[in-house]
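Take a walk through this fold, one element at a time. Keep the model open and follow along.

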Amino acid sequence: MLKTLAILAASALPLPALAQEIVTHEFDGSFEDATFALENAIIGEGLVVDHVSHVGEMLARTAEDVGSDVQLFDGADVYLFCSATTSREVMEADPANIAFCPYSIYAAAREGVTTIGYRSYEADSMSPVNELLERIATTATEF
């Protein structure tokens, strides 16, 4: 009886999120050049940057407030954007994919290495987004 109750209780728990992988591309240049290239790659896809989150600046500004003296990045920005075409495609495949929009891609510099990266999505229905993010990252690193 206890085993049955445990199984029933476990089945009522929410399912874990799909695993995501971080995909990175090394950028041969400065952080400033990487952000310029990244923004141009996004715009080149016919998209609009909705927001740039200056994560590196925020972490530097708040380090002392949270009791840290570690400088994580020399620069780190996250670009948020959406694609009407790609979003419609993935949401028609699975309306729950709304949870992943807007999409993000970052440029970061740390210890002399500049990277452009994004999180990939495991669900087959999100493959158009993965392809878009990879195209943007590749274009930016070839700038």
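Helix α2 has 14 residues and reaches 19 Å from its first C-alpha to its last. That is close to the 20 Å expected at 1.5 Å a residue; the expected span is 1.5 Å times one less than the number of residues. Helices here are DSSP runs of H or I with at least four residues, strands are runs of E with at least two, and both are numbered from the N terminus.

This is a predicted model, in which local features need pLDDT of at least 70, side-chain atom pairs count only at pLDDT 80 or more, and totals for chains, interfaces and linings use all residues. Residues are numbered from 1 along each chain as its sequence is written, and side-chain values use heavy atoms, with hydrogens and water left out.

Which residues of α2 are buried? They are Phe31, Ala34, Thr35, Ala37, Leu38, Ala41 and Ile42. Buried means under 20% relative accessible area, exposed means over 50%, and partly exposed lies in between (1.4 Å probe, protein chains only). Seen down the axis of α2, these buried residues fall within an arc of 165 degrees, so they line one face of the helix. The arc is that of the directions from the helix axis to the C-beta atoms. An α-helix has 3.6 residues a turn, so residues three or four places apart point the same way. The face turned away from the buried side of α2 carries the exposed residues Glu32, Phe36 and Gly44.

What covers the buried residues of α2? The cover includes β1, β2, β3 (75-82), β4 (103-110), β5 and α5. Contact means heavy atoms within 4.5 Å. After α2 comes Gly46, whose phi is positive, near 80 degrees.

Now turn to the sheet. Its 5 strands form an open sheet in the order β1-β5-β4-β3-β2, and the pairing is antiparallel. Two strands pair if DSSP finds at least two bridges between them. Strands of a sheet pair through backbone hydrogen bonds, either parallel or antiparallel. β1 (20-27) and β2 (48-53) stand at the edges. Each has a single partner strand, so one side of each is left without a neighbour in the sheet. The twist averages 25 degrees from one strand to the next. Axes are lines fitted to C-alpha atoms, for helices over the stretch in contact, and angles run from 0 to 180 degrees between N-to-C directions.

Gln20 has Tyr121 in β5 as its bridge partner.

Thr114 also sits in β5. Thr114 is buried, with a relative accessible area of 5%. Leaving aside neighbours within four places in sequence, Thr114 is in contact with His25, Glu26, Phe27, Gly29, Ser30, Phe31, Ala34, Ala108 and Ala109. Thr114 and Asp33 are 81 residues apart in sequence and 9.6 Å apart in space, C-alpha to C-alpha.

Next, the charged pairs. How many salt bridges does the structure hold? It holds 3. A salt bridge is a side-chain nitrogen of Lys or Arg within 4 Å of a carboxyl oxygen of Asp or Glu.

Arg135 pairs with Glu45, and their closest N and O atoms are 2.9 Å apart. This pair links distant parts of the chain. Arg135 lies in helix α5 (residues 127-141), Glu45 in the loop between α2 (31-44) and β2, 90 residues apart. Arg135 is partly exposed at 40% relative accessibility, and Glu45 is partly exposed at 29%.

Arg88 and Glu92 meet at 3.3 Å, N to O. They are 4 residues apart in helix α4 (residues 84-93), and so separated by about one helical turn. Arg88 is exposed at 55% relative accessible area, and Glu92 is exposed at 59%.

Glu111 bridges to Arg110, with the closest N and O atoms 3.9 Å apart. Glu111 counts as exposed at 69%, whereas Arg110 is partly exposed at 37%.

Stay with α4, where Thr86 is found. Thr86 is buried, with a relative accessible area of 10%. Beyond its neighbours within four places in sequence, Thr86 is in contact with Pro128, Val129 and Leu132.

Finally, step back to the whole chain. The protein has 5 helices and 5 strands. From the N terminus on, the elements run α-β-α-β-α-β-α-β-β-α. Of its 143 residues, 34% count as buried. Among contacts with a separation of 6 or more, 73% come from residues 24 or more positions apart.
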